[in-house]
Amino acid sequence: MKNIDTLLKETKRIHFIGIGGAGMCPLAEILISLGYIVSGSDNNDTETFRKIEKEGAKVYLGLKKENITDDVELVIYTNAILEGNEELEYAMKNLPTFERAELLGAMSRIFTNCIGICGTHGKTTVSSMTTQILLEADLDPSAVIGGKLPVINAYGRFGKSQNFVCEACEFNNTFLHMNADMAVVLNIDEDHLDFFGNLENIKKSFRKFCDKTTKTIIYNADDENTVDMLKGIQGKQLVSFGTTDGCDFTAKNISVPGGFKSEYDLYHNGEFLTHIELSVPGEHNILNSLAAFTAAYLSGADTKSICIALRTFKGAGRRFEICGNFRGITIVDDYAHHPKEIEVTLNAAMKMGYKRVWAVHQPFTFTRTAKLLDDFAKVLQIADKCIVSEIMGGREINEIGIKATDLSDKIPNCIQIDSLEDIADYLADHCQSGDLVITLGCGDVYKVSRKLAEKLK
């Protein structure tokens, strides 16, 4: 069978199974903009599903083999589709069929400045920041982002330039399908251990991604695992960012007073370059903004445009996203689902001056919860109050017998409530004016923030 790079040159009629997914929709949009005829199916009638229909795709609700018409030449599917699905089975038997990551890999080779942003934490925020900067600088990027970027009200876009910003996710070695021209390595931490097994295997995968990068590697010099991973690499331009002297791009005189404001002086090769002001909370966003600044600067963005974009950047969807303030209670939703992400998010929240901070955490996958149980328990104690929902298994079966109470029992001031609806009811009854409620997780815990907002209204 021909590879996907060749097929993209030879075909014009592409069908997506799971087209409404956040990772699928922007790829379909870009292909429509490039002149392809696109169709797709999904089980869920979502905003993205209807958006891609408005963009020109023929869409079908429900996954059935009849959705694949006789003129379809190529099929793309998301790995969220389970084996045995009749539409996917029909496609695999009758047509060239590729997983989403393989299409993203092929698209990374279409552009001459593909910026692949990788790391255990922060990919969506940095991808969003970088895209917003390039837009502000009139560099017209294409982008595929893991969260909705408010300035474009979408998960991605098609631009007329050769700049392509995309998240390069390590899960299942997805990013090894790509050949980025510019790799941005934010950090390396223990995650997806059900797949990788240990930290060393994770570092090996990141090294392979960097080896496949064609030109430049931008890396976080403050992160030991990243620095260790890059030892001995050759044939690439290495550009460092961080908060310690000796980095190519360095943040100095950092001020993170709490709230949604922070600022610092940015030095380039030891010389003062500019002053940066941010409108997103937390010390972790200092490094995120440094990474985005560096990638955009090396892509041709002017300093003034970068500063404006970073100052006006309010975050991406589900990244400390403010859902509203009702009866004096502020509700925030965040995608954090790893102990390190929860730690930086809650530390930022605790510095914002609220009366009490409530952490509502939905554990995601049984293996992650079990292997990092003590780490989760430690960081969730940062909040004043904590609620833990039942574990969302995702793609897993609970063969190890882990329970949500195994986590909640380790956390002082924590209660365990299975149902998201019941959690929202409890919060509505117990929160007070001046409190901050923050939902944490990559599953559907965001529904708590929406349900709570409705109840408080």
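Let's start with helix α12 (residues 339-350), which lies across β17, β18 (357-361) and β21 and runs at about 170 degrees to β21. Contact here means heavy atoms within 4.5 Å. Axes are lines fitted to C-alpha atoms, for helices over the stretch in contact, and angles run from 0 to 180 degrees between N-to-C directions. This is a predicted model, where local features need pLDDT of at least 70 and side-chain atom pairs count only at pLDDT 80 or more, while totals for chains, interfaces and linings use all residues. Residues are numbered from 1 along each chain as its sequence is written, and side-chain values use heavy atoms, with hydrogens and water left out.

The sheet under discussion is open and has six strands, ordered β16-β17-β21-β18-β19-β20, with mixed pairing. Its edge strands, each pairing on one side only, are β16 (321-326) and β20 (414-416). On average, neighbouring strands of this sheet are turned by 15 degrees against each other, direction ignored. Helices (H or I, at least four residues) and strands (E, at least two) are DSSP runs, numbered from the N terminus, and two strands pair if DSSP finds at least two bridges between them. Look for D334, which stands opposite L440 in β21.

## The ten-stranded sheet

There is also an open sheet of ten strands, again with mixed pairing, and its order is β8-β7-β9-β6-β10-β11-β12-β13-β14-β15. At its edges sit β8 (154-157) and β15 (271-278), each pairing on one side only. From one strand to the next, the twist averages 20 degrees. Helix α2 (residues 25-33) packs on this sheet, touching β7 (142-149), β8 and β9 (163-167), and its direction makes about 150 degrees with that of β7. Helix α5 (residues 100-108) lies across β6 (113-118), β7 and β9, at about 155 degrees to β9.

Now follow the strands along. β10 (residues 182-185) and β11 (residues 216-220) pair in the parallel sense over four bridges, with M182 opposite T216 in β11. β12 (residues 237-242) and β13 (residues 249-258) also run parallel, joined by two bridges, and F241 has F249 in β13 as its bridge partner. β13 then pairs with β14 (residues 261-268) in the antiparallel sense over six bridges; T250 is partnered by Y267 in β14. The hairpin of β13 and β14 has two residues between the strands, and G259 takes a positive phi near 70 degrees there.

## Helices α6 and α11

Two packed helices are described by the angle between their axes and the distance between the axes. For α6 and α11, the angle is about 130 degrees and the axes are 8 Å apart. That makes this pair oblique, given that angles under 35 degrees count as roughly parallel, over 145 as roughly antiparallel, 65 to 115 as roughly perpendicular and the rest as oblique. The crossing of α6 past α11 is right-handed; a crossing is left-handed if the near helix is turned anticlockwise from the far one by less than a right angle, and right-handed if clockwise.

On the α6 side, M129, Q132, I133 and E136 meet S305, I306, I308, A309, L310 and T312 in α11. This contact divides into six nonpolar, three polar and one charged residue (Ala, Val, Leu, Ile, Met, Phe, Trp, Tyr, Cys and Pro count as nonpolar, Asp, Glu, Lys and Arg as charged, and the others, Gly among them, as polar). Within α11 (residues 303-312), S305, I306, C307, A309 and L310 are buried (buried means under 20% relative accessible area, exposed over 50%, partly exposed in between, with a 1.4 Å probe and protein chains only). Their cover includes α6 (123-136), β15 and α10 (284-298).

## Helices α16 and α17

The axes of α16 (residues 420-430) and α17 (residues 446-456) come within 9 Å and cross at roughly 45 degrees, so the two are oblique to each other. Their crossing is right-handed. Residues L420, E421, I423, A424, D425, L427 and A428 in α16 meet K447, V448, K451, L452, K455 and L456 in α17. The tally for this contact is eight nonpolar, no polar and five charged.

## A buried arginine

Finally, take R368 in helix α13 (residues 366-371). R368 counts as buried because its relative accessibility is 8%. Leaving out residues up to four places away in sequence, R368 touches D191, H192, H337 and F376.
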